[in-house]
Amino acid sequence: MHDPVRKLTALEWESRKLKIPDEFAAQCRSLRGFIPGGVEYLFTPWEYSCRGDLLLRRLRFDSSPEALRLWAFLFSEKDRLFLAKNSGARIIALMKDLGQTAVLAYAFPGQLSFYADELWWAPCFAESTHLLDAASDLGATEELCYVRAVLGAMKTLDYFPRPDLCVAGVGACCDDFSAVMQLVEGLGMPVHWWEMTAPVPGGRGSVTPFGGVPFSEKDLAFVRGQLAGVVSALETTTGVRCSEEMLRGSVALFNRLRTIVRDLRELVYGADYPPLPGLEMYLAEFIAIHTCSEPDQCFPVLEGLARVAKERLAQGLSPFKGEEPPLRIYWVYPPTDASLIPLLEDMGGCVAGTDYFINHAFLPLREDTDPLTAVAENCFDDRLLCSPAMRADAIVRDIRHFRAEGVLLSGIFGASHCPWDDRIISERVRDELGLPVLSFDVPYSPGRVSEQVRSRIEAFMDIVRQRRERRA
Amino acid sequence: MGLGLQPWRGVVAGPERAGEALVRPDLCPFVKSVLGGIVTCSEGFGSVDAWAGMYTCDMTRRLFQELERLSGKKVFLLQFPATRTAESAGWFCDSVENLALEVVKAGFSSGYDPVAALAWETERLRGAAVLRAAALSFRVPPLILQELFLGFFAGNTFPREVALESRTPGVRIAVTGSVMARGDDVVPGTLAELGAGYLPLGCTGLSGLPSTVPADGSIRELALASFNDARCIRNRPNHGVLEWIAGQVVDSGCHGLVLKTLSFCDLWHTEKERFRRMPFPVLVLSSDLSPGERGRSSVRLQAFVETLEARNA
């Protein structure tokens with residue numbers, strides 16, 4: 001398949017899929033560790049839309065088979081969880097930390113772990129409020145951010161089977177999810193609670209080796225102990241005794257995974273003409289936090305994508321066309337409505353760097369210390385645990401690194417961190433970099449993009465464009 | 001007091017609008033009002049030399065993380081654990097000890113005196129017992145009771161005795177939920193107008209009163225007592241907190257419970273359905289601190305009390 005680089009609709013992929021070589025499709029099988037021969041997952045966005053994720057019909061997708069595989073891999077996670085459960089696997093719902101406890105969980109055989117937090121985008125992809133409605137019935141009403149969909153999913157169990165264990169990080173976490181997790185336990189789910197601690201601005205001695213975030217040795221010892229408690233809970237649930245060797249193996253696995261995603265971000269977000277669209281990158285970034293419930297397949301999926309990116313860069317190919325390179329926009333907060341990213345691209349922009357809450361999951365984990373200490377250090381790198389000013393500093397560094405020309409904050413109404421972070425990040429970006437900033441809350445807008453949001457992005461892109469022209 | 005400082009707790013509603021100038025409006029009104037008090041140096045906030053920023057919820061965490069920049073005053077941060085384990089208790093004690101060291105290092109204190117600390121804590125426990133007994137007698141008018149509690153928490157006024165009225169109210173209402181700061185008196189005010197009894201159960205009520213007697217005046221023992229006394233809705237898990245509240249309502253002979261939550265206070269607001277399943281009438285009042293909300297809350301409270309009066313007639 002050597003077609004031109006372009007974007008395809010879900011229906012276009014439907015007819016184009018027939019051209020995909022059988023050898024490629026045959027590689028796209030997951031759950032080989034649980035079901036002999038594995039299970040096929042390479043279906044088109046149209047087919048996944050027929051299973052309920054209607055937003056896919058409004059999106060356009062990169063034309064490479066590797067991108068199709070990426071989409072299929074993500075949207076087949078639900079199937080994997082149900083099939084694995086039927087095959088006797090333990091299902092672990094990880095909640096809140098976004099990247100660290102998965103390292104511990106995947107040290108264990110016979111289980112699949114997923115981040116329940118990711119259900120947060122399900123109402124927008126499904127263009128249905130049924131998860132939100134189920135959450136409302138239990139008390140999680142619209143004052144909370146979309147993460148309340150997790151509670152709805154725990155009630156309906158139509159996105160994943162009943163978890164054998166929920167691992168819940170609390171303490172220095174957002175109020176919305178803390179409240180949701182408590183209601184999850186109220187449903188009778190087995191929950192192991194662990195305390196997350198916030199780094200202290202200014203520091204108390206040490207800094208994390210890769211994120212440069214200050215922490216005290218006492219806090220580190222405490223977090224390490226909390227993670228040891230998570231390991232004990234996993235041992236009880238799986239019936240497997242965890243050795244240090246198993247943990248070291250998982251740290252190495254996640255380091256390999258994080259390296260691929262980190263390098264991919266550098267390749268794509270650093271290019272004047274990015275070799276991949278922002279939506280595919282959005283999906284790829286989230287694989288870094290938990291392998292998308294399939295450690296075996298996540299590597300060929302991401303390596304294939306990275307190969308495409310490198311080949312396109314070498315050949316000067318890009319889905320972004322035009323005489324002038326696209327306007328470079330740094331994106332803050334994962335957009336609840338994924339269609340906003342292609343909207344930005346249709347208006348002449350591209351994503352040039354992101355803070356989707358998961359940047360700590362792109363950092364390496366030390367392999368020259370004990371695994372629990374390495375993961376505990378990484379906990380302090382979580383920007384949501386840091387002060388808003390520390391997060392703003394990190395974002396400003398990123399923006400400089402990726403040479404962004406504007407910053408877009410797609411906020412989340414009701415999220416306990418947004419009222420603080422929005423203002424501080426926006427002011428810091430304007431004061432230190434003099435860049436235009438657009439900040440808005442993403443509304444629930446099934447079937448179409450909100451006209452108000454469209455107008456605001458359009459006006460913002462005009463400002464960024466005029467600024468570039470003035471500087472030329 | 002062990003460090004030779006004069007503690008003051010900022011449970012006072014400052015000018016919310018002034019706080020709103022610095023953050024988005026979808027923030028807890030109490031946090032916004034504290035922020036307003038800090039930036040305008042009003043309502044006692046201006047007299048603070050340094051802050052011990054012990055955060056519980058995410059909104060207070062971010063407030064205290066930014067407070068030093070906003071106020072120009074030194075802030076000593078402290079995380080109150082949500083989990084209720086021995087490890088969390090130990091870490092909290094370590095953190096409080098570390099805070100005390102930092103206070104001394106920063107020059108705000110010349111050192112810690114465990115005898116002075118224990119004397120103050122003993123007085124506080126005695127005052128708490130007096131206040132608890134007064135509240136459970138239902139013979140203190142609601143607004144006076146509210147003032148006594150706020151005096152206890154904000155001004156460190158520990159009552160030796162409380163004057164009791166001879167008449168007891170017909171309907172007794174327990175109130176729990178988000179912090180009730182000075183200036184937020186719509187519930188006790190309305191109950192007073194209606195002649196109903198008032199039992200404050202929130203963190204500026206009975207659940208905030210200390211009850212654990214520390215073994216000595218060491219920082220560690222005092223911190224541990226504070227940890228063990230906490231009945232915060234943010235505790236994880238928090239079943240024990242809900243059971244305690246239900247037990248207080250039943251044991252005190254209250255006829256109903258008001259769950260008063262502030263807008264965007266997720267930790268209380270999301271518990272409303274669990275509260276509604278409790279075996280007594282429950283009214284959920286969600287409001288901010290604006291004058292417009294007072295009327296609405298007052299009317300709803302009035303209807304609730306009348307319903308209970310009819311039921312108990």
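## Open sheet of chain B

In this predicted model, four strands of chain B form an open sheet in the order β4-β3-β5-β6, paired in parallel. Strands are DSSP runs of E, at least two residues; helices are runs of H or I, at least four; both are numbered from the N terminus. Strands pair if DSSP finds at least two bridges between them. β4 (197–200) and β6 (282–287) of chain B each have a single partner strand, so one side of each lacks a neighbour in the sheet. Neighbouring strands are turned by 25° on average, direction ignored.

β3 (172–177) and β5 (256–262) of chain B share five bridges in the parallel sense. T176(B) stands opposite L259(B) of β5(B).

## β11 and β12 of chain A

β12 (349–355) of chain A has seven of its seven residues buried (20 or more other C-beta atoms within 10 Å of a residue's own, C-beta atoms being placed from the backbone). β11 (327–332) of chain A pairs with β12(A) in the parallel sense over five bridges. W331(A) has T354(A) as its bridge partner.

## Side of chain B that touches chain A

Here 35 residues of chain B contact 40 residues of chain A (C-beta atoms, placed from the backbone, within 7 Å). Among the elements of chain B that each supply at least two residues are β2 (74–79) and α4 (86–105). α3(B) gives the most, seven residues.

## Conventions

Residues are numbered from 1 along each chain as its sequence is written, while chains are lettered from A and ligands numbered from 1 in the order written. Local features need pLDDT of at least 70, side-chain atom pairs count only at pLDDT 80 or more, and totals for chains, interfaces and linings use all residues.

Conventions: Contact = placed C-beta atoms within 7 Å. Axes fitted to C-alpha atoms, helices over the stretch in contact; angles between N-to-C directions. Buried ≥ 20, exposed ≤ 12 C-beta atoms within 10 Å, placed from the backbone.
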